[in-house]
Amino acid sequence: MMLAKDSIKVVVPTVIFALMLHMWPLPEWMAYGRPEFVTLVVMYWTLAMPERVGVTIAWCVGLLLDVTQGAILGQHALGLVIVTFIVQLEYQRIRVFSLVQQALVVFVLLLIKQVLVLWVYGLVGHAPDLSLYFLPSLIGAIIWPWVFLLLRNLRRKFSVSRGF
Amino acid sequence: MQSLFLQGPSVTLRTILLVVASIVVMVADHRWQHLETVRGNIETYIIYPLRYTINLPSEFIGWTDESLTSRQDLLDEKHKLEEQQLRAQVSLQKLSVLEKENARLRKMLSAQTKIGELVLVAEILSIDLDPYKQQVLLNKGRKHEVYIGQSIIDARGVMGQVIHLGEYSSTVLLVSDPSHAIPVQVNRSGLRSTAFGTGNSQQLELRYIPHNADLEVGDEIYSSGLGGRFPPNYPVGRIVSIDRPTGEAFATVLAEPVAHLDRSREVLLVWHNPPVKDVLISEQPQLSDEDFE
């Protein structure tokens, strides 16, 4: 599954931008609620063009995310692969949902990813405090409609793919 | 031509392969640290440019702040620093006498003298890492002869150690991370222990201390140098609470790190003579004198 030339110019910059948002310095109280921009962006591109952006790309992006977070290599990659796989199975159904319904699906998917990451934390013996742990999923689901519209506009502007 | 359906088995197969690959990579990374070079390369060639870009605004703010400082402010600061320098000089005079005396006494006991350490100033980059881990990112890396396992101190005490290395940056695990432990010694009584991180940057925990151990609130703990990872005799923390619950085998001892883990901006990388050879990437660093401050 290779990215075609015309999609490189949109997909790669958006993923890089999302990675930068992940590292952007925030005050400590906000850092706990930082949504997973990278996961949202990968989800959108899988939804928009599942024939081009799929599990392989999600895995590579996941490894980059692991390095930026100082996590164990493969921790976020595993979560991203599973979430992307679910989107690939269900993309036709998710596409026809309204934005609010999509946000609900996104919430569940983000939760799955966070649980997988948490599971690895637990396996290596240092489970974090859970009181705010799932807040990023909630915020990620709330901002999904805006992420979706923004990326769709970008995609249409650069006319990357037909349909949807 | 765009097909209406994705080829089912191929996606499933690929996912299974990637899940297996993730697990293999995680085990290799966590258990054997085999992938440090891979991580270092990703860090250097892909992530570091992004980090650099993100750090630019705060660098720019710092620069404008410096450039726009008034002459009076600079003079005030100069006077303050001169005074500090004078005080430091005075205590150093005493220290050098003490050091000589110490060396003489040690010689009389035919014990080995301590060898001075090399230090290099590094700056913490304003980049956010995982909020659930106590880590910071430094602007010095392999190019500056930093090695994995190297100790980091600030003006007050031990901060942590280098765990990941890029060409121009390195990730430091702070002493307060739950996966971190540092061998320590109580200054007053000489009691040895290990200080574990708790995930809270204001708290360390000394475990496996018996109820009758000679320990008091306010005692200072220093790195003992046992294990060879940290240089000995750097301040680590101060005991803030001792709880001796009846029925438990060990006392609950909490300490507060003396280093400003969440406030320092400038830190020092320390080179000392580590007995553990395998943590060294290169032999004793060959750095010119102006690299050190």
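The legends below describe close-up views of a predicted model.

View 1. Chain B holds 3 helices and 12 strands. Of its 293 residues, 29% are buried. Among the chain B contacts with a separation of 6 or more, 59% join residues 24 or more positions apart. The chain is divided into domain 1 (12-66), domain 2 (72-113) and domain 3 (117-282). Between domain 2 of chain B and domain 3 of chain B, the C-alpha centres are 24 Å apart.

**View 2. The side of chain A that touches chain B.** Contacts between the chains involve 36 residues of chain A and 37 residues of chain B. On the chain A side, helix H1 (5-23), helix H4 (55-69) and helix H5 (75-96) each supply at least two residues. H4(A) gives the most, with 8 residues. By class, this side of chain A consists of 25 nonpolar, 9 polar and 2 charged residues.

**View 3. The open sheet of chain B.** In chain B, 6 strands form an open sheet with antiparallel pairing, in the order E1-E12-E3-E4-E5-E2. Strand E1 (118-123) and strand E2 (135-138) of chain B each have a single partner strand and stand at the edges, so one side of each has no neighbour in the sheet. Neighbouring strands of this sheet are turned against each other by 35° on average, direction ignored.

**View 4. Pairing of E2(B) with E5(B).** E2(B) pairs with strand E5 (residues 170-174) of chain B in the antiparallel sense, over 4 bridges. Within E5(B), Ser170(B) is the residue that stands opposite Leu138(B).

Notes:
Residues numbered from 1 in each chain as written. Chains lettered and ligands numbered in written order. Predicted model: local features only at pLDDT ≥ 70, side-chain atom pairs only at ≥ 80, totals over all residues. Buried ≥ 20, exposed ≤ 12 C-beta atoms within 10 Å, placed from the backbone. Contact = placed C-beta atoms within 7 Å. Nonpolar A, V, L, I, M, F, W, Y, C, P; charged D, E, K, R; others polar. Domains from an automatic or database assignment. Pairing = 2+ DSSP bridges. Axes fitted to C-alpha atoms, helices over the stretch in contact; angles between N-to-C directions.
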